[in-house]
Amino acid sequence: MESPQAVLEMKGIRKHFSENLVLKDVDFTLRAGEVHALLGANGAGKSTLMKIACGVLPYDRGQVYVRGKQVQFRSVTEARNAGLAMIHQELSLLKNRCVYENIFMGRELTKPGFPGLLDEKKMIEISRKILGEMGYELDPQRKTADLSVAWQQIVEIAKAVWKKADIIIMDEPTSSLTKQETSQLFQLIGRLKGEGCGIVYISHKIEELFQIADRITVLNQGKVCLEKEMSQVSKEELLYAMTGKHIYETRREKARTGEGILRVEGLGGKGFHNCSLSVRKGEIVSITGIVGAGRSELVSSIFGINKASEGKIFLLGEEVPLRHSPSYSIKKKLGLLPEDRKKQGLIMGMSVERNIVQAALNLLFPRGFISASAVSEQAGKYGRQALYQQEMEKLPEKLSGGNQQKVVLAKWLCTNCQILIFDEPTKGIDAAAREEIYRLMEELARQGKGILMVSSDQREVLQMSDRVYVMKQGTISRELKREEITEEKIISAEF
Ligand SMILES: Nc1ncnc2c1ncn2[C@@H]1O[C@H](COP(=O)(O)OP(=O)(O)OP(=O)(O)O)[C@@H](O)[C@H]1O
Ligand SMILES: [Mg+2]
């Protein structure tokens, strides 16, 4: 018998992908008016479980109940009609449509009396109202393609709110939001909760779960290994449950920095202006700022994806032309790990191992002869620190979200770049693997490489940076030296 106030109940769910059993008889219950956290390492099965709940994926065995009634959704539309909405980890907005069109997708409003005629004005108006109530100022007529990942996330949430869903699943909603934006989202979640919504909240930021969740379920390789009231668990207990290992946090030692290797003077282009910064050998430098402050735009111009229109860039003491290409940057030993990894980072259909060595082919195989065993060896050297062997043998499209991120990261570690720009390096990466990545970054810095990191994760910035640049409205508004880096200083410079 399912518990009375459960809005969503899953029992004995089993699921496999070819020979890989990814959910092993999982039970999960969501009550009305609760935020239920779902935690687990990359690949543990969190997204798969929730995709099953809302009809995106079929399952082998088990039952799903919504408000006490057994259901078997055959499509997302059926689930949506029953009040379920899922905000996916890999965003599913139509890029060439406007914000309001995405919010109303599949449920467009028509003019009263003219069923064939869309009521654009009303949809724009309602969109603006929903976004406004959520605490965000965003023009509903903007093209989705022009929005940063964080803004796209906000649009996804607006879509669920408008659908009046009362079971809302959020798969890593804050992975690219800053602290301020996250607290706005938390206010919204509080309100939805008050209205009786049940919310499943997936996140790798454990601190966040203590703030927002009422209960937590931890998955370890497809099995439930802990279910408790949030107030009854500690962070250590959670990390141990999800990995079976004791995890210690990295503390950054004092950097031994050398000469400057990247310098940018008065750089300007689309979305940023008059930016000057520098990175020295052995240094980890962060750029923070609220969404839309121009951080990603700035670094992708330094790398050559977008073109800067004014200013100067020096790499290893040599001035580079402003309208240079990414391949020119790589030749000059500058690498970039982009924020939108699906679009810019991975080649689907090509093995994980080959993806890892892809950017370093010329370096690793100067004679052009590429042997499979050498690829395997090189890829393993960097990939295996963060990925299991079974993941290395898959195609990237078959990996969980977080493991895809690790592949792109391993790819850059493999090159002999002296300067690495990491745009949100640990976004979507589980808490245990994140510590691995911090250790790798430390190691790179110790080898004398320079790292420029764009990050919205305040903890990460405080933990890892030798210096911090704060961006505001398209320009660098403040530089903080190591001894000046505090949470208060960062926040006060951001606004
Ligand atoms: N379409 C697919 N085809 C084959 N295997 C898949 C597919 N989607 C997921 N998997 C596998 O299922 C397992 C669980 O993946 P899932 O995406 O549910 O993990 P997750 O817990 O959401 O991880 P993350 O924190 O990285 O998002 C992984 O081993 C993954 O490789
Ligand atoms: Mg996932």
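Here, partly exposed is the class between buried, under 20% relative accessible area, and exposed, over 50%. All views come from a predicted model.

**View 1. Lys228 and Glu237 form a salt bridge.** The closest N and O atoms of this pair sit 2.7 Å apart. Glu237 comes in at 27% relative accessibility, so it counts as partly exposed. Lys228 lands in that class too: its relative accessible area is 31%, so it is partly exposed.

**View 2. Glu424 reaches Arg295 through a salt bridge.** Here the closest N and O atoms are 3.9 Å apart. The pair ties together distant parts of the chain, 129 residues apart. Glu424 belongs to the loop between β19 (419-423) and α17 (431-446), while Arg295 is in helix α9 (residues 295-303).

**View 3. Four charged residues join up in one network.** Salt bridges with shared partners link Arg280, Glu283, Arg467 and Glu479.

**View 4. Lys129 and Glu133 pair up within helix α4.** They form a salt bridge, with 3.8 Å between the closest N and O atoms. Helix α4 covers residues 120-134, and the two partners are four residues apart along it, about one turn of the helix.

Technical notes: Residues numbered from 1 in each chain as written. Chains lettered and ligands numbered in written order. Predicted model: local features only at pLDDT ≥ 70, side-chain atom pairs only at ≥ 80, totals over all residues. Heavy atoms only, no water. Salt bridge = Lys/Arg side-chain N within 4 Å of Asp/Glu carboxyl O. Helix = DSSP H or I, 4+ residues; strand = E, 2+ residues; numbered from the N terminus. Buried < 20%, exposed > 50% of the residue type's maximum accessible area, 1.4 Å probe, protein only.
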